[in-house]
Amino acid sequence: MKNVVELRNVTKIFKNQRGIHEVNMTVQRGDIYGFFGPNGAGKTTVMKIMTGLTQAKQGEMKLFGYDVKTQYEQAMAKVGVLIETAEAYTYMSGRRNLEQAARLYPGVGKQRIDEVLEIVDLTPFQHEKVGGYSLGMKQRLGLAAAMLSKPELLILDEPTNGLDIEGMVHIREIILKLAREEQITFLISSHLIHEMELMCNRIGIIHQGRLVREGLVSELIQGSPSLEAAYLREIKEVRGLAAHA
Ligand SMILES: Nc1ncnc2c1ncn2[C@@H]1O[C@H](COP(=O)(O)OP(=O)(O)OP(=O)(O)O)[C@@H](O)[C@H]1O
């Protein structure tokens, strides 16, 4: 199956009238898909809807061909999620946190915990309390938790938010390695467009709750010196159209 994420006309309006409107979005197997948009555009809402953390008013959402509303367990079986800052019990060790998280997944035991710790380079720090971890280490622990069930799709909401340069590069290297060696598909939201340009092959741009562009980075970037310039051009165009509507 080519499409691992498919959203069709997905709409959710909050009581304050904000939200997302008729979002159509497709993530294909093997993509590192960058999801961009201004603050409050709707990125987290879309990600929460597609993982069943919040419900859409209307529309169709499929993961690996399974309907998120009616076939939730099958839809989420191969999906790992890290939405907003990774929350962990600070008074427990990194390893203990993963043991807690692993209880959600039948069949995930000590060996897989060793593997995910290794993937995110936390093996030497596994017995230290999370309270003493840096933000980068906490994010890597969150990534390890999302990896426990051997997902084929990872949905990451701002995974490098607030990290220093080394922490950011470290997460990027892990993502690229997982994409290359384990063929994991990624959907990643971020404001760090230079960072994302080094990873993504496809992107989606959301503006005021509407997906205004989706396509290959190589196509979008044509005629622009960088992905940032291309993104700003798109946003300016959309705002110009809205002003003349
Ligand atoms: N539970 C909620 N109740 C009311 N409004 C909400 C709720 N969650 C989100 N919103 C509103 O919906 C819009 C989209 O929010 P969302 O968090 O999805 O944006 P975002 O693109 O992830 O933003 P950011 O880049 O700042 O994280 C915003 O205007 C936000 O204020």
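Here are some friendly notes on this predicted model, taken point by point.

1. Let's start with the overall division. The protein chain splits into two domains: domain 1 covers 1–78 + 154–216, while domain 2 covers 85–150. Their C-alpha centres are 23 Å apart.

2. Next, the place where the domains meet. Nine residues of domain 1 are in contact with nine residues of domain 2. On the domain 1 side, helix α6 (residues 165–182) gives the most, with four residues. Sorted by class, that side of domain 1 has five nonpolar, three polar and one charged residues.

3. Now the sheet. Six strands form an open sheet with mixed pairing, and their order is β6-β7-β8-β3-β9-β10. The edges are taken by β6 (79–82) and β10 (210–216); each has a single partner strand, so one side of each is left without a neighbour in the sheet. From one strand to the next, the twist averages 15°.

4. Strand β3 (residues 32–36) pairs with strand β9 (residues 202–207) in the parallel sense, over four bridges. Within this part of the sheet, Y33 stands opposite R202 in β9.

5. A helix also lies against the sheet strands. Helix α5 (residues 135–147) lies across β6 and β7 (153–157). Relative to β6, helix α5 runs at about 155°.

6. The residues around the ligand are F14, N16, R18 and G19, then G37, N39, G40, A41 and G42, and finally K43, T44 and T45. Which helix gives the largest share of this shell? That is helix α1 (residues 43–50), which supplies three residues. By class, the shell around the ligand has two nonpolar, eight polar and two charged residues.

7. Last, a look at S226. This residue is in the loop between α8 (217–220) and α9 (227–244). Is S226 buried or exposed? S226 has 12 C-beta neighbours inside 10 Å, and a residue with 12 or fewer counts as exposed, so S226 falls in that class.

8. One distance links the previous two points. S226 and G19 are 207 residues apart in sequence, and their C-alpha atoms are 29 Å apart in space. G19 is one of the residues around the ligand, whereas S226 belongs to the loop between α8 and α9.

Methods: Residues are numbered from 1 along each chain as its sequence is written. This is a predicted model: local features need pLDDT of at least 70, side-chain atom pairs count only at pLDDT 80 or more; totals for chains, interfaces and linings use all residues. Domain bounds come from an automatic or database domain assignment. Two residues are in contact if their C-beta atoms, placed from the backbone, lie within 7 Å. Helices (H or I, at least four residues) and strands (E, at least two) are DSSP runs, numbered from the N terminus. Ala, Val, Leu, Ile, Met, Phe, Trp, Tyr, Cys and Pro count as nonpolar, Asp, Glu, Lys and Arg as charged, and the others, Gly among them, as polar. Two strands pair if DSSP finds at least two bridges between them. Axes are lines fitted to C-alpha atoms, for helices over the stretch in contact, and angles run from 0 to 180 degrees between N-to-C directions. A residue is near a molecule or strand if its C-beta atom, placed from the backbone, lies within 6 Å of it. A residue is buried if 20 or more other C-beta atoms lie within 10 Å of its own, exposed if 12 or fewer, and partly exposed in between; C-beta atoms are placed from the backbone.
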